[in-house]
Amino acid sequence: MQSVSAAPVASVALPLLTQVYADYTAADQHVWQLLFDRQMALLPGRAAEAFLEGVRRVGFTRDAIPDFREVNPRLQELTGWELVVVPGIVDAAVFFQLLADRKFPATTWLRTLEQLDYLEEPDMFHDVFGHVPLLTDAGFADFLQKLGAAAVHHGQRWPGTLEQFTRLYWFTAEFGLIQQPDGLRIYGAGLLSSHGEVKFSLSDAPTRLPFTLDGVLDTPFEKDKFQDLYFVLTDMQQLPESLAPLQARLLE
């Protein structure tokens, strides 16, 4: 997940950071190429069509690490979103406020060759390759904005409710699956950016359940490991339709 801590605190201003593109080395560009080629060889037939189309729409290629100065105008034109640079993990209140403002937090550091398959926290390949393509899809982009706005609204009054919004985000935007007419597909960024978990999530090893709001909200999750359980959408419309009953549940 892009870097959300479990403990909600009052929203604070983020330091103003930028992607210093000139700092990327030839080794960094090589790692991007390796990661991009590996995932793009694996994802056709496994990733949701909206993601694959999003890669094309946002202009990601193997040739270069994405430059946020080029990515943001494309995103703004397509769905009104933009990437903002964060130093690392941000707390839940800040994270959801950014989503509410149509800003997606992203780190700019890239893993090394020695870290291709394991990271302790998300790098920019996860944040950018994993998340940005679906931000070009109007329906999904609107869902994330409304999720952020609802989390901010309820979290300001009852900070403990942010855990419920975090679970919905985790089991959808990070580790969600969808049953398309042509088969089971991945749309969660935590899967799309992970070579190993792409294969694992679609194998016979994990448990997969139909997406229900109660199921998601009643299920805790663990980081730093492959997930034991995934929830499967039948239609992306289930995501925005989950927000009203979630807010009603919190008011009970």
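1. Helices here are DSSP runs of type H or I with at least four residues, numbered from the N terminus. On that reading, Glu 174 belongs to helix H8, residues 162-174. The model is predicted, and the points below should be read with that in mind.

2. Start with the annotated site. The UniProt record, an unreviewed entry, lists His 126, His 131 and Glu 174 under "binding site". These residues are spread over 49 residues of sequence, yet they cluster in space. The largest C-alpha distance among them is 9.9 Å. The annotation comes from the record and may be inferred rather than shown by experiment.

3. Is Glu 174 buried or exposed? The relative accessibility of Glu 174 is 0%, so this residue counts as buried. The cut-off for buried is under 20% relative accessible area. Glu 174 sits in H8, and its side chain is joined to that of His 126 by a polar contact of 3.0 Å.

4. His 126 counts as buried because its relative accessibility is 7%. Which side chains does the side chain of His 126 meet in polar contacts? One partner is Glu 174, at 3.0 Å. Another is Asp 127, also with a side-chain to side-chain contact of 3.0 Å.

5. Next, H4. This helix spans residues 92-100. Eight of its nine residues are buried, so H4 is largely enclosed by the rest of the structure. The buried set consists of Ala 92, Ala 93, Val 94, Phe 95, Phe 96, Leu 98, Leu 99 and Ala 100.

6. Leu 98 is one of the buried residues of H4. Its relative accessible area is 10%, which means it is buried under the 20% cut-off. How far is the C-alpha of Leu 98 from that of Val 152? The separation is 9.6 Å, for two residues 54 apart along the chain.

7. Look at both ends of H4. At the start, a side-chain oxygen of Asp 91 comes to within 2.9 Å of the backbone nitrogen of Ala 93. Just after the helix, Arg 102 takes a positive phi of about 55 degrees. Arg 102 is a residue other than glycine. Its place is in the loop between H4 and strand S4 (103-106).

8. Asp 224 also has a positive phi, about 65 degrees, although it is not a glycine. Where does Asp 224 lie? It lies in the loop between helix H11 (213-217) and strand S8 (229-233). With a relative accessible area of 57%, Asp 224 is exposed, because the cut-off for exposed is over 50%.

9. Now a helix pair. Two packed helices are described by the angle between their axes and the distance between the axes. The axes of H7 (residues 138-157) and H13 (residues 243-250) come within 11 Å and cross at roughly 10 degrees. That makes H7 roughly parallel to H13, because angles under 35 degrees count as roughly parallel.

10. Which residues make the contact of H7 with H13? From H7 they are Phe 143, Lys 146, Leu 147, Ala 150 and His 154. From H13 they are Leu 243, Gln 247 and Leu 250. By class, the contact residues divide into five nonpolar, two polar and one charged. An α-helix has 3.6 residues a turn, so residues three or four places apart point the same way.

11. Finally, H3, residues 68-79. Neighbours within four places in sequence aside, Asn 72 is in contact with Trp 81, Glu 82 and Leu 83.

12. Arg 74 counts as partly exposed, because its relative accessibility is 32%. With neighbours within four places in sequence again left aside, Arg 74 is in contact with Arg 57, Val 58 and Gly 59. What about Ala 47 and Arg 74? They are 27 residues apart in sequence and 22 Å apart in space, C-alpha to C-alpha.

Key: Residues are numbered from 1 along each chain as its sequence is written. This is a predicted model: local features need pLDDT of at least 70, side-chain atom pairs count only at pLDDT 80 or more; totals for chains, interfaces and linings use all residues. Side-chain values use heavy atoms; hydrogens and water are left out. Axes are lines fitted to C-alpha atoms, for helices over the stretch in contact, and angles run from 0 to 180 degrees between N-to-C directions. Helices (H or I, at least four residues) and strands (E, at least two) are DSSP runs, numbered from the N terminus. Angles under 35 degrees count as roughly parallel, over 145 as roughly antiparallel, 65 to 115 as roughly perpendicular and the rest as oblique. Contact means heavy atoms within 4.5 Å. Ala, Val, Leu, Ile, Met, Phe, Trp, Tyr, Cys and Pro count as nonpolar, Asp, Glu, Lys and Arg as charged, and the others, Gly among them, as polar. Buried means under 20% relative accessible area, exposed over 50%, partly exposed in between (1.4 Å probe, protein chains only). A polar contact is a pair of N or O atoms within 3.5 Å; within protein, one must be able to donate a hydrogen and the other to accept it, and residues adjacent in sequence count only if both atoms are side-chain atoms.
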